[in-house]
Amino acid sequence: MPATPLRRLAALTAAAALTLTACSSGTGSGGTSSTKAADDGLLKLIGWPLTPTFVHNYNPGAPTKGPLLNMMYEPLVRVDDNHMELKPYLAESWNWSADAKTLTMKLRTNATWSDGKDFTSADVKFSFDTLPKKYPDLPMTRPSFTSLETPDPDTVVFTFDKPARVMLADWGWTYGLVMPEHIFASQDLSTWTNPTPVTTGPFTLDRFTPQQITLKVRNDWWGGPAKGVKSVKILAAGSPDAAQSALIKQEADWANVMWSDPAQWTSKPEHRFWQATSAYRMIAFNLDKQPFGDIHLRRALYAAFDDAKLVQVLHNGTQIANVTGMDSKVFGQTVAPEFRDKLHTPDPATAKSELSAGGYTITGGALVKDGTTTKLTLSGREDDATAMRVIAAQWKEALGLDVPVRTMGEDTFVDQLKKGDIDLYMWQGGGCAVYCNFNALNSAFAAPAGKNAEDNYGRVRDTQLDTLLNKLAAATTDQDVQAIGWDVQRRYVDQRFNFPIGASGASVTVNDTRWKFPQQGQGDYLPALGLAAQPAVAIMNLEPAAK
């Protein structure tokens, strides 16, 4: 079965979906205010995910674990979220066979575990093959290879039963963390807490309390020495409000936190906030429910939507989205030529024309066709209420259509999505390459109403799109991946199975008073704490701010 993008997408969009309701939980004790340059080499950040207390568990297979394991254990490859490109990490190079069924990776020969033991191919096989088989019920990375061979300590060979080139960035490869066989093999991962982690990453655990964690920077990391950071203090914060308070008081330099009004933070030049544009929010349709199977209705709702007004009202860093959902500044040549830098513009006249073409009229705020009246409802999470109400108001203004907004908690909402109990809803997309992004619309992931869909909550069943996605999955060259990917985008834009409403991904909040953080889009990494490897790369590249 084709791979799904949920693992990667969740990491990118979790911060964007944060609620900003008040909470009494504060930051952990020990955070001290400082406005001077970082002469002490100390970087202070808010732990991610947000939590009022930390769990002393560094077992990557545990259901509940300590924060930021992605800064301790490392993947074979990472994604540059500024340009959506794969970058070497523990694997310094790789190549595919001509039929794209065999992937050979060369590992770094200078990587060592923090206890001095060599990192080898045996650790990769142990992490991706042995452990998942031994612990089938634990949340571990399970790439779908048919065999994994280790011909020498520095080489790993993955074999697949079908071409797999497009899936390298989309499976658990970029989030699959490699663990030390010589430590983990003797432990029971169903109960062990790994209190003193041995890692290939640039940090070691120095001190742990439920409110504050201190990491020391290694001087023998394979990626080279840090440019200024000597230690990292991770503070607990139980809510976005608590994290924001710590930032404002200068108790922390860095956090993944959203702002309902970024001006609360960015009024000072050294305070910066932005949202990555590699992902997007969307309005989606359950095509199993009528009238959403009608392309004219879907196009009408999109044409009546005004991105610029939504972005202006939200005022939270969201940007107007590309018509494909893929920001050209991030995805570059991956975006089909005719869609590069093409943003949606509202067109009420076209919206009305599409409704007419579909045989619809609007009476009393409801859709009417062939004597049948249909009332629409827009559903979503509680923290998306403002955006949904803005969009519903736009449909009322442009078309006279009344669309009530229904909000619910995360768990209830996702449960109803999976079962197909929702017809029109707000969701998220993107955050990965073309195949990963649009394969969420593959009919293989759809399900009948009442049965849980694996990923295709819109119940899209489009033969032409499936054919293109299957061709993309079978592509063996970069040229074919690009060309077929363009055709996938064309089908998506034409059919409007859903539509982007704003470029909005992982959020970044930094204070440049003590440390020189990168500018938005600068370099080949995004300083977002929820992403694999990239926070570590960012920390190792930080330099003290000018005095």
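How many salt bridges does the structure hold? I count a salt bridge as a side-chain nitrogen of Lys or Arg within 4 Å of a carboxyl oxygen of Asp or Glu. The structure holds 23.

Ground rules. I am working on a predicted model, where local features need pLDDT of at least 70, side-chain atom pairs count only at pLDDT 80 or more, and totals for chains, interfaces and linings use all residues. Residues are numbered from 1 along each chain as its sequence is written, and side-chain values use heavy atoms, with hydrogens and water left out.

Entry: Asp294 and Lys369. I found their side chains in a salt bridge at 3.4 Å, N to O. Asp294 sits in the loop between β13 (279–285) and α6 (295–303), Lys369 in strand β15 (residues 366–369), and the two are 75 residues apart. My helices (H or I, at least four residues) and strands (E, at least two) are DSSP runs, numbered from the N terminus. For accessibility, buried means under 20% relative accessible area, exposed over 50%, and partly exposed in between, with a 1.4 Å probe and protein chains only. Asp294 is buried at 13%. Lys369 is partly exposed at 28%.

Entry: Glu338 and Arg490. This salt bridge comes out at 2.5 Å, N to O. Glu338 lies in the loop between α8 (328–331) and α9 (348–357) and Arg490 in helix α14 (residues 478–495), so the pair ties together parts 152 residues apart in sequence. Glu338 is partly exposed at 38%, and Arg490 is partly exposed at 30%.

Entry: Asp402 and Lys396. Their closest N and O atoms are 3.0 Å apart, in a salt bridge. Asp402 is partly exposed at 33%. Lys396 is partly exposed at 42%.

Entry: a network. I looked up Arg281, Arg381, Asp384 and Glu410 and found them linked by salt bridges.

Entry: the sheet. What is the strand order of the open sheet of 5 strands? I read β18-β17-β19-β13-β20, with mixed pairing. Two strands pair if DSSP finds at least two bridges between them. β18 (405–408) and β20 (498–503) are the edge strands, each pairing on one side only. The twist averages 35 degrees from one strand to the next. Axes are lines fitted to C-alpha atoms, for helices over the stretch in contact (heavy atoms within 4.5 Å). Angles run from 0 to 180 degrees between N-to-C directions.

Strand β17 (residues 378–381) pairs with β18 in the parallel sense over 4 bridges. Leu378 has Val405 in β18 as its bridge partner.

I see α11 lying across β17, β18 and β19 (424–430), at about 95 degrees to β19.
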